[in-house]
Each structure stands twice: as C-alpha cells, then as structure tokens.
Amino acid sequence: MKSSTKRKSEEFLFPENSPEYSEQVSLVIEKLKGAGIFPYGSAEIKDFEKRLELALLRSYRQALRVDAKEFEFGKLSKEGPIAEETEKLMASHYDERAEFFCNFLDQSFMAYSMAYYGSEPDVIASSKASLEEAQTNKFELFCKRAQLKGNEKVFNLGCGFGSLEKFLLAKYPEMTVTGITPSAVQVKYLKEQMNNSDSVLSSGRFKLLEGNFASVSSETLGKEYYDAVFSVGVLEHIKNVKLTLERMEKMLKPGGVSFHHLIASYHAIPRFLDSSKTKIDKYFPGGRVWPVAELESHDEHLELEKSWYINGRNYWRTLDEWHKRFWQNIDNIVGPEFGADSVKHWNDYFCLCKIVFSPMNGEMVGNAHYLFRKK
Ligand SMILES: C[S@@+](CC[C@H](N)C(=O)[O-])C[C@H]1O[C@@H](n2cnc3c(N)ncnc32)[C@H](O)[C@@H]1O
C-alpha cells in the first residue's frame with residue numbers, strides 16, 4: 001500500500017542540491033495558509049481544536065451513560081487474531097522516514113508515546129519539565145512500578161526507535177533488552193544505532209527481532225527466558241490481549257513480570273473500540289482505545305498485581321510539544337517526499353490526537369499501566 005504521506009510532491013521541480021531548492025521549500029510553506037493549512041498556535045488551529053473538543057465532549061458524555069448499563073468488559077479483547085492490519089498500519093504511519101520523526105520527537109530517546117509531567121492536571125500544566133525530562137520521568141516511573149532491580153533480561157514488544165532500550169541499558173549496566181518491531185524504517189534506524197559506538201544500543205546488550213509479534217515463532221521468542229516483558233504504546237494495536245498475554249506468559253520465568261503502558265479510557269467509549277468508526281483510522285488502522293477495566297479482566301495467564309490510570313493531560317502536553325516542534329522544523333520537513341498534502345495529513349493528526357485527551361480535564365481518556373506477574 002502506498003501511503004498518502006509518501007506521495008512524491010509535485011511542487012518540487014528542482015533537486016535537493018540545486019540552488020533553487022530552498023526557494024521551493026519557502027514557496028511551499030507560504031502556500032500552506034492559502035490551502036487552509038494553518039500552523040501550530042494560530043487562531044485557526046486553536047479554533048479547530050476547540051470545535052473538535054466540544055464534539056468529543058458530547059460523545060464522552062454519551063459514553064458515560066452507556067458504559068454503566070451496556071458495556072460488557074472482558075469480551076472484545078479475548079476474541080480474534082492477536083493483531084489486525086499490521087502491514088497497513090506500518091505503511092500508513094510507522095514507516096514514514098526516521099528523519100521525519102527526528103524533527104519532533106525528544107532528542108534523548110525518540111520516544112513515540114506519552115511523556116510524564118505529573119499526576120494532576122494543574123501539576124501537568126505548570127510543570128517546567130522539557131519533553132526530554134518528561135520522557136525520562138516516564139521511564140523512571142516504569143522502573144519503579146515494574147519493580148526492576150537492574151539485572152533483568154527484558155523483552156519489549158513494539159520497540160519503536162528503541163526509546164525504552166536506550167533508557168534501560170544506560171541506567172542499568174547489567175541489563176539486556178530484546179526489542180521487536182515490524183516497521184522496516186525502525187529496523188533500519190535501530191541497526192544503524194547498533195553499529196554506532198556513540199549509541200548505547202551498540203553495547204552488545206541489545207537484541208533486535210524484526211517482525212510481527214502475532215506471527216513470529218515461539219522458538220524465536222524463547223521459553224521461560226525473560227524476567228520482564230514490556231509493551232509501551234502497543235496494546236492499542238493489539239486485538240486479542242488474551243493470546244498476547246498467553247505468549248508472554250510462556251516467555252517469562254516463574255515470578256517474572258509483564259508491564260504495559262497504553263492509551264486507555266476511564267470508561268468504555270464504544271466508538272473508540274473500532275478505529276474504522278473514527279477519523280483516527282486514517283492514521284492507525286486496526287487501532288483502539290481499551291477501557292481501563294477491559295485489561296483488568298485478564299487473569300487466565302498472568303496475575304494482575306496492580307493497575308493505574310494516568311491523567312490524559314500528560315499526553316495532551318506531549319502531543320502539543322510534538323506539534324510545536326513539527327512546525328518549528330517545517331523547513332527541514334517539507335521536501336520532495338513531503339509536500340503540502342503531507343503537511344496537512346500530519347497537522348490534522350496532531351490536532352485530532354491531542355484533543356482526544358483534553359475533555360473532562362484528562363479524566364476520561366489518558367494512559368493506563370498494568371503490572372502482571374507469572375504465578
Ligand atoms: C506508538 S509506537 C511506540 C514505540 C515505543 N514503544 C515507544 O514508546 O517509543 C508503537 C510500536 O508498536 C509497534 N507495533 C505495532 N504493531 C505491532 C505488532 N503486531 N508486533 C510488534 N510490534 C508492533 C510499532 O511498530 C511501533 O514500534
């Protein structure tokens with residue numbers, strides 16, 4: 001599948017090393033407003049976000065009425081294949097160029113998940129932490145909640161650009177981490193890092209598995225080998241959590257832990273359980289927002305020790321920072337592979353995602369943590 005973000009831009013007539021190139025970039029940026037594509041912080045974007053927020057607030061209020069009476073927790077996440085539409089997901093989102101993601105993700109880890117600014121909306125809003133510091137805060141919180149000692153063998157499902165790996169390997173000299181991703185772009189980036197002596201990923205303590213967790217063989221995953229299995233921002237892409245936890249249970253040593261960080265709603269929002277019913281489908285086909293209680297119902301393979309809800313204003317602020325950096329670096333971003341259509345695609349993405357976390361002061365949609373243990 002060819003993604004809309006990868007269409008060659010017709011606005012670029014001259015090659016990147018020609019004298020006319022930077023003039024072309026400026027022309028495209030100038031044309032954006034005329035095409036109704038407004039930058040971060042503009043009155044038009046603020047107004048767009050306000051209107052989106054009001055519409056979402058209405059559907060959240062409606063969901064609150066449905067949740068208590070009709071929603072059957074613990075059913076949907078125990079059906080179907082482990083993951084659906086993974087190839088389409090990679091093509092339409094994760095396989096955008098790594099250089100593009102570098103333009104807005106934090107400079108320390110290239111983490112592509114919520115950063116942690118605090119527990120309450122006022123603390124989150126007034127936090128002086130940079131994006132880099134807030135990502136560090138998140139990883140420190142994982143270590144505490146997953147009760148890591150520092151000498152574990154860790155597996156990380158959906159490793160992205162190796163953000164958790166970079167943090168853990170630098171913090172704990174005795175730790176080893178194996179990460180898996182089906183994204184060709186992420187694999188290429190990680191292999192470069194593994195050959196770069198400045199990167200902790202070259203320490204020999206990082207192992208990369210290329211592929212889909214749903215289809216990789218059990219032999220490749222290993223049996224009773226790991227002390228801790230993580231997923232960060234991945235169970236949103238998983239359909240059958242029961243089968244996923246079953247695979248993880250087999251990989252873990254007795255007493256090992258399975259720790260998960262994911263976007264979650266405090267109450268069930270039925271529309272969010274099927275991405276094809278929302279505008280997010282264009283970005284994350286096959287994705288969903290699980291209600292906190294849905295994953296709490298899984299006790300067949302691992303024992304749930306504890307779960308936490310994290311206020312959504314944390315992700316709002318993370319996405320807002322990504323959106324700001326995207327526009328600050330727009331001169332680097334726009335090019336033959338990234339014309340006005342792509343700017344619109346990603347500009348809408350930041351607004352749409354940000355607003356999911358905003359209504360009800362972040363108390364309806366945020367993130368959740370789960371700590372499971374092998375019996
Ligand atoms: C939101 S990103 C999070 C990346 C990383 N954990 C982080 O926090 O920086 C989701 C990750 O899940 C991976 N992913 C999605 N579906 C997957 C699957 N079926 N098997 C393995 N990884 C998957 C994506 O390739 C991507 O690396």
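A polar side-chain atom of Thr181 sits 3.0 Å from an oxygen atom of the ligand. The protein covers 97% of the 590 Å² of accessible area that the ligand has on its own. This is a predicted model.

| Residue | Atom of the residue | Atom of the ligand | Distance |
|---|---|---|---|
| Ser113 | N or O atom in the side chain | oxygen | 2.6 Å |
| Gly158 | polar backbone atom | nitrogen | 2.8 Å |
| Thr181 | polar side-chain atom | oxygen | 3.0 Å |

**The ligand shell**

**Helix α3 and its cover**

Helix α3 is itself mostly covered, with seven of its nine residues buried. The buried residues are Thr86, Leu89, Met90, Ala91, Ser92, His93 and Tyr94.

Helix α14 spans residues 340-356, 17 residues in total. From its first C-alpha to its last it reaches 25 Å. Is α14 enclosed or open? Of its 17 residues, 15 are buried, so α14 is largely enclosed by the rest of the structure.

Asn361 lies in the loop between α14 and β8 (365-373). Its phi is near 55°, a positive value in a residue other than glycine. Most residues other than glycine have a negative phi. Asn361 is partly exposed, because its relative accessible area is 43%, between the 20% and 50% cut-offs.

**Ile330**

Ile330 belongs to helix α13, residues 330-333. Its relative accessibility is 6%, so Ile330 counts as buried. Leaving aside neighbours within four places in sequence, Ile330 is in contact with Ile29 and Val343. Lys144 is 186 residues from Ile330 along the chain, and the two C-alpha atoms are separated by 37 Å.

**Val232 in strand β4**

Val232 is placed in strand β4. At 12% relative accessibility, Val232 counts as buried, because buried means under 20%. Which residues does Val232 contact beyond its neighbours within four places in sequence? They are Ser113, Phe142, Asn156, Leu157, Gly158, Leu164 and His261. Ser218 is 14 residues from Val232 along the chain, with 21 Å between the C-alpha atoms.

Lys223 and Glu224 both belong to the loop between α9 and β4. In this part of the chain α9 covers 218-221 and β4 covers 226-232. Is Lys223 buried or exposed? Its relative accessibility is 69%, so Lys223 counts as exposed. Not counting residues up to four places away in sequence, Lys223 touches Lys250 and Met251. The C-alpha atoms of Lys223 and Arg247 are separated by 9.5 Å, and the two residues are 24 apart along the chain.

Glu224 has a relative accessibility of 39% and so counts as partly exposed. Phi of Glu224 is near 45°, a positive value in a residue other than glycine.

**Leu169 in helix α7**

Leu169 is found in helix α7, residues 163-171. How is Leu169 placed, buried or exposed? Leu169 is buried, because its relative accessible area is 1%. Beyond residues up to four places away in sequence, Leu169 touches Met175, Thr176, Val177, Val200, Leu201, Ser203, Arg205 and Phe206. Leu169 and Glu192 are 23 residues apart in sequence, and their C-alpha atoms are 17 Å apart.

Notes
Residues numbered from 1 in each chain as written. Predicted model: local features only at pLDDT ≥ 70, side-chain atom pairs only at ≥ 80, totals over all residues. Heavy atoms only, no water. Polar contact = N/O pair within 3.5 Å; in protein donor to acceptor, adjacent residues only side chain to side chain. Areas by Shrake-Rupley, 256 points an atom, 1.4 Å probe, with all protein chains shown as cover. Helix = DSSP H or I, 4+ residues; strand = E, 2+ residues; numbered from the N terminus. Buried < 20%, exposed > 50% of the residue type's maximum accessible area, 1.4 Å probe, protein only. Contact = heavy atoms within 4.5 Å. Expected span 1.5 Å × (residues − 1).
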